Each structure stands twice: as structure tokens, then as C-alpha cells.
Amino acid sequence: MAQLCMSCSISCAQCVKAKNAPESFSLPVINRGGRLYEDVTSDEKQRILKRSVERLAVGVLVAKISPSRRLPVCRRMGLNSPKGRTQDVNPKLRVGLICGGPSAERGISLNSARSVLDHLQAEDIEISCYYLDPNLQVYVISAIQMYSNTPSDFDYKIDGMAKSYLSFTEFLHQLRGTTDIVFPVLHGKLGEDGGIQRMLESAGVPFIGTSAAAASVAFDKFAAAEELGRLGFATLPSFLIEDTGADANSLVQWFDRNGLDRSRGRVVVKPARAGSSVGVSVAFGVEQAIEKAEQLLAEGVDERVVVELFAEGGKEFTAIVLDSRIGSTSHPITLLPTEVKLRAPADVDADGEIFDFRKKYLPTSQVVFHTPPQFPLEAIGEIRRGAAKLFQLLGLRDFARVDGWLLPSSSKINLNSHGVGNGDRLIGQMDSGIVVFSDINLMSGMEQTSFLFQQAAKVGLSHAGILRAILHCASSRSAQIPPLKAENIQIIQESGSDEYSQSERKKVFVLFGGDSSERQVSLISGTNVWLNLRTHKELDVSPWLLSPKGGDQENKSVWALPYSLVLRHTVEEVVEGCMEVLEPNTAAIGSILREQVQSELTEHSSAWSTGDGINLEDEKPRELTLKEWIQEAKDNDAVVFMAVHGGIGENGSLQKLLEDARVPFTGSGPEASRLCMDKAATGRALAPLFETGVFTARRIVLNIHEFVENGSEYGDAKSLLDDTFASRKMWDNFLDDLQSTSICVKPAADGCSTGVARLSCPEDLEVYLKAVVERVPRLLPGSLREAHGIIEMPESLTEVLLLEAFVETDAVMVASASNSSTEVTSNCRLSWEGKSRWLEVTVGVVGRKGEMYALNPSITVKESGSILCLEEKFQGGTGINLTPPPPALVSEEAIKGCRRRIELVANKLGLEGVARIDAFLHADTGEVIIIEANTVPGMTPSTVLIHQALAEQPPLYPRMFFKKVLDLALAKQAEMAKS
């Protein structure tokens, strides 16, 4: 059905008032969704109504548009208004946000665009979202659809759910009428090579970023290096391969000229035009370099491959450059660079010692970042000056990220083969070393903890602040674009607003981190909760990190974090950052550099002309004991938002400490938390629900300590460590008792994904038990017979293991139209054989104790094996969740039965606030086999809990969903006060 304009009653593509909503509106109080809104105040209802109505304009179910049936212009539009804009005293800046695209980095594009949407939307900005699929089909999408997990997830959901344009011409025509400026958040091909820029320029549509001509040079790694060499920059020697057969002899000569051993010389092989990390690898010698180049060419990653000298002894860095301007004069300013240090563990070989795609976008202890770098001040200054000069000489615009190396002064690399310099120093040469720039990223990643936001925070700019500054700069190039209000360029400051005094704002302590194997996910969850809650003006929200190290429970360290330190990638990195900034010399250097950048921004950018655009305060972290932190929460009448996964965050210990101190907190109480952490006890507690269609898997409880010391009825463990372990007999005994052909093994009391694996043979059992006893940190892919991803093992010695009958499910796959090996449903996008009729689902529950409400279930689609890994459950860009389950797989009655049974489970376990229950769902009957209950569920930007909240009517966006969870804790506090 086409979208109807309330003003002119016709299908309208351009009217910004087209809300497709009735004049009157009331929140549901009778249907299933009503219980989520029972205790919402009238003011909150009005705010929810306003947001719901506004967001309906972003994307609704509409008919496909054909070229012969263009949408008419609304009669409300002024004919003389630019681009059909209504004559408004305070017009909103209309931003078109484009994501997706054909490159290998399209998953990162989705995550970046979601982050931009979260932080850029404001009272004076109206954002419309557009998605490009790999075939460059354009779709208008809603804000809800922006929270999809992966490109595959996105492509499946978008089929038949959004308005599509048959051609780019149609799309550009609509942009001209409905958008003031485009933000093309596209990484890699099309997004950074000048492709999308050329299309927008030809249509006369203003956009954020570098022009097409400049982008085509800067994006090509070989062409950019050649141009930088001609301009007098120090560059690493590089060689271009376009035809492996013809270039092999020339590559040998290149090796010789640069003093490289033909068989062992180390080089970097990378596509010339495929993003900063895609397809990048290290090669040793000519033969291996040719092999890796041939592979890139054969796979179609690029038609041009660069072989570059490895920066031996070099220190890697990356720097964000802002195009600061007054009027038409551009003045690029480099923020504080970030040093990238690789720490390869013992199970990663030398080939892995490179900052690749996975290390860049997923949390890992293999990489450490320092902002500013631990370089001499001279080197940091040279990086900042050189990056700004590069930006200006290559004609870049608005912002970019520049990667490079700081080489030692003793380096024997033959820099700059162009002979520019005439005896003078090259740009980048210093007494203390040499700065070389190796990659230029014209659309830097914008995930919540990306380099853009990290470096901006170091100089006092919030997420919204840096994005608005970029938008302000780009908009200033066109007189037709309404200016942003300078005072709305947000800085890092205390959450809240002048509308509320300090005493009126409710203090919220968001706690995350800890020492469990899920602590990195906890960091992402806590960061996401903190960023969303701090947008509520009535709240004073502060982030706190529970250190992974420390003494006994009450003396564990808790860190009060400044804005910039929250944006680190791992818990360990956050703690290291806290220690660094408290070291006097480091603090002094950081303060000097921060003031330099702030001074340049204030001097050269009209965005900061009001004088209050940058927060000049440089906050320091504070370290408390857990006992002191609880007392501080009590003294400040604060409510604690729990985001600590596993360990004391879910075993009831932390909840008991807070409850005893009468400090309110989100989530379940200590008893329910303790019960759910023990998966064996959870199963026993749910046994009485058998007759209602709630089941638990058959299981064996194996006490590891007793097993190692004395053996067990299933076998002798003494021979386990000397390779004479009789695993076949033990395996057969397990299978007989479980009445199964394979086993799901997991720690009885740890996080939801820690140590969970499928065992399919006696050898698997032996590998797993040895890993537990020897405290192996992780099982790498290929360790077990069945395909699997990295299995993170428990941090401490596991006391009890659960061995359960593995529930066989038929894999659900998002399939291409060409996949005909299985039964295909839903327009050839979804495949499922459905023989067993069981599906793995995840269901969020929200509400008061005894009155829990089940959200729509999500079907879990695995990508790497039979067991979901941590990344698939929580990381943006991995894993596929279908919410709600498609009718082709599960009937409506089965879904209702599932939700009803999950509510029984939640209430039986005593859950409250928010929790997540994992289960197997029978597609026909709605019966469930409970896997586990998680009292502190993942709350990352793309977690399934967010999808389920958005599936409610009206949808609960993240900021309101987390506020709802917080309100439940406050309501419990009020009830306790009365009693």
C-alpha cells in the first residue's frame, strides 16, 4: 500500500508531513504489547507517540515504484521552494543516509550507518535511510530496519518490506526533491572510489565527503602512493600487479632493487581498491607474493593488486583529519592519532601479525591502541602536519582517516622512488624517524567505538558533536542548505540538560566489564546502554568498569571512566588506559596535545565559534573498591544498570551486595540470578512444567575435580594427560545414558556461550576435557570434528560440566535464488528442510517479578557451525536473527504457545526486569526445550533483544527500551520503600 499524505490525501514522496498516522492515537493496554506500557506516564506517552509518528515517515510498507508511475509532488509544497521544500521558519536539515553497497565491507557499512542514525538524529535534523544491495538496487528503509545484524539478515528482511527504485536515476530524482544533503556511509568500492560521488555530482545532490575526482585517486592505494611520492612525501616502495604471468619477472627485479631476498623477503599483498583491511596479508618471497596476488585476482577482489614493502621495525598508526573551515577556506586539522600495537598470541603464526579485518572490527586481545601514540612529540606533530597536508594536497573534503607507519631513523628502506626533494628532506622525514602514509580511508568506520569517535572524544567531542561538525562543514558548501544551530553541536558534558537541575536528574551508574570470558561483550553492552541512556535529559548517567583483576569480591577494582576511555575495544585496554592517563608524564603530554588540537579547532572552524563547542575539561578516571563503589551509589541515590555478563554479574553475588546496601539495580535478584547461573539447577527447577509443554534436555553432571582426582562411573581420568585416555568407553557410556548420538557440553556455571561445544566422537571428548583440565584459553576452528568457530573457554578451572543430549535441528539458511539443494521458501531467500521440526530460538522477557512479558521470539541462524559463538550472538556484523519467526517456518499459534510457555518459565525462575531465555521451539506445537536463562542479557547495538523490542507495537527503540528496563528497577525501589 502506498504511503498517504495526511495533508493532500495522495501518494506523496516529498511531503515531510506524510506520517501515515491517524489524528488520534492511544497506546495499547489490552493486547500483548500493552503490558510494556502500563506504567508509562502521560508525558512519556506523548513522547512515544511523537517519535512513533515521526518514524513512520522514514519507511513504511509501500508499493514498488515504476518509472512510468512517479509520485506526485504534494500540493502543500511551495512551487518556488528549493527542492520542493515547504516554507518553514525553522526548517530541519534533511539528511539522506545511504548504507550497504557491493563491497566486502558492507556489513561494516550497516553498523556505521546505524551508529550515525543513533547519534546524528536530533530536533533540527531529519534523517531518511536508504539501502543499496550488492546489485545496486536501492531501497527506502525504516529506522527499525537499520538494526538488522548482517548483510544476509538485511537482504532477507528487506525483500518485500521496503520501497525500491528500479534505477539509480529514479533514486537520484527522489533525493533531489526530499533531501538537502546525502551522507553516503559506504565503505570500499562504490562508496570510496568516486562511484557514488560521481552519481550524486551528476544529479546535483550535495553530499558529505570527498569529490569523485579526488576520491578515485586517493582510494587506489597504488595511485595514491604514486601521487604522494610526486608531492614529496616519504612513501613505501610498492609494485602493481595486474597480470600475474606478465608481472612475475618484473616483481623479481623489484625485490632485487629493494634488497629483498627472493625467497624470504617480507612484503604486504593487498588489493589496490578494496578498503583498508579487505584481502590484506603478509607474504614471504616472490613466489608466495605471486600466489596471494593470483588468489585476489581470481576471487575478483580487485583487478589491481599492490605488493608493498613490509615496514620492518615500524610502528603503525591511524589518524582522523577534519576539514575545518571558515567560509570557503578549508583548513584540515588532524586529531590525536592512535598507535596500533599487535600482540600475537602463541597460537597465531607470523602471517597473522598484521592489522587485518577481524582485528580491526571485532574485540581482540591481540591488538592494543594508544591515543595519543607512545611516540616522541616530534613524531606526533609530524604525523598531524603530514596528514593535514596530504588531505589538502589530494583535495579531500569533510573528513578522512589516514593510516601509516613511523619508521626508525635507521631504516634502510629506499623511500620515494620519484626522486622528489632535490636533496631536501621528504615530507615525513625527521631526526627521530620517518613518517609514511600507506592508506587513505575516505569514509572511516563509524561504529560506536571506532577511531573517529575515540580520537574525537580525546579532544572533547561527543559522538553527536563530531558528526554534527562533519555535517556542518559539508553543508557550508551550499547556500541552499539550512545551517545547523551552532549551539546544538554537542560536546562531551554531563548528561542531562539545563531543563533539569543537578539535583533533579536521576543518577544512573552503568556497570560493565568483569573477569568472565564474556567481559568484552559486557563492555560493548555497557557502552551501548550508557550512550543511549545519556540522551535522556532527566538522567545523569555515568559509566563504570568492573576490573578483570583484583582481590576478594568486595575489594575488586571499579573504575569511574571519562568519556574517551569507554570507547576502548577491550576491558584490559580500558584498564591500561586508566593507568596510562594517571601516570604524570603521560597525562602532561596528553594534556598538551589535547589543548593544541582544541586551539586549532576553535581558531579555524566556524562550528566552534560560539566558544562552547569543545569541553575544555580533561576528566581523569577514579579507582574505587567494589565496596566503596556501592557506597557511592547509595550516597548518590543512584540506580545501577547491570551490564556485567557472567561471573559475579550473573551468579547473584553482585546482586546480593547491592540488595543488602538497598541500592536499586536492573534485572533479577540474587536468588533468581544464582539459580539461572547454575544450568543444572535451572533444569531441576523447571521439571514441574513438563506437563505444560516445557522440557529440558537429558543431561549428565560431571564434577571435574572429582573426575580428575578419583575418576567417575563413566571412566578414569588419570590417563587423560598422558595420552592413554580410554575415551571410547567413556564416550559410549555417555551416549547410552543420554540416549543421543552426539553431546552438547558446557560449563554448569558460566556465561551463555563460554565453553559451549558439540562433541561428535570420542576424540572430541578427549580434546575438550584436556582443554578444560589444562585451562586452554580457546579452541580454534578445526579442533573438533563438526565445523565451529572460535570457542572461548572458561577463564578459571571449571568445577562442573554439563553434558546434554544434543538436540538435532535442521539448519535455517538465508539462501540465494540459485540454491536449489533444499526446500526454499519466502521468495527463494530462506531454506529449511524442517525434518526434525525443532528450531533454536531466543526470547527476551521484560516486566515485574511474577508478571513477565515475552517479546517476539527470534530464530537463530548459525553461520560457523552447530553452536553459536560469542561473535554470532552479540557482535554487529555477525550472526543472523529472524524476528519474529517467518510464517513459512513457524505458525502463528506455535509462536503464541512459545511466548506463553516462556512467560511460565520466567515466572517459575523468579526473573524480573529484563532477561533472555534460549530454547528449542517445535515449529508445529509451540513446545519448548529450555537451554538456559540469562539474567543479564547481551545489550549490544545489534543484539537480538533490540530486534525483539523493535518488533513490538509501537516499536521500542533502544533508548526507550533501556529506559523501560531502568524504570522497572525504580518501580521496584518505590515498592520496597513503601514496604
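User: Which residue lies over the face of Phe 806?

Analyst: In this predicted model, Arg 758 lies over the face of Phe 806, at 4.0 Å from the ring centre. A second case involves Arg 266, whose charged end sits over the ring of Phe 310, 3.8 Å from the ring centre.

User: How many aromatic pairs does the structure hold?

Analyst: The structure holds 15 aromatic pairs. One of them joins Phe 239 and Trp 254: the ring centres are 6.2 Å apart and the planes meet at 50°, so the pair is tilted. Phe 239 belongs to strand β6 and Trp 254 to helix α8, 15 residues apart. Both Phe 239 and Trp 254 are buried.

User: Why does the pair of Phe 509 and Trp 544 tie together separate parts of the sequence?

Analyst: Phe 509 lies in strand β16 and Trp 544 in strand β17, so their pair connects parts that are 35 residues apart in sequence. This pair is also tilted, with 4.9 Å centre to centre and 35° between the planes.

User: Where do the side chains of a strand point, and are the residues of β31 buried or exposed?

Analyst: In a regular strand, side chains alternate between the two faces of the sheet. In β31, Trp 838, Glu 840, Thr 842, Gly 844 and Val 846 point one way, while Leu 839, Val 841, Val 843, Val 845 and Gly 847 point the other way. Ten of the ten residues of β31 are buried, so the strand is largely enclosed by the rest of the structure.

User: Which strand is joined to β31 by ten bridges?

Analyst: Strand β35 is joined to β31 by ten bridges, and the two run antiparallel. Within this pairing, Gly 844 stands opposite Arg 916.

Definitions and conventions
Residues are numbered from 1 along each chain as its sequence is written. This is a predicted model: local features need pLDDT of at least 70, side-chain atom pairs count only at pLDDT 80 or more; totals for chains, interfaces and linings use all residues. Side-chain values use heavy atoms; hydrogens and water are left out. Buried means under 20% relative accessible area, exposed over 50%, partly exposed in between (1.4 Å probe, protein chains only). Helices (H or I, at least four residues) and strands (E, at least two) are DSSP runs, numbered from the N terminus. Two strands pair if DSSP finds at least two bridges between them. Rings of Phe, Tyr and Trp (its six-membered ring) pair if their centres lie within 6.5 Å; planes under 30 degrees apart count as stacked, over 60 as edge-to-face and the rest as tilted. A charge sits over a ring if NZ of Lys or CZ of Arg is within 6 Å of the ring centre and within 35 degrees of the ring normal.
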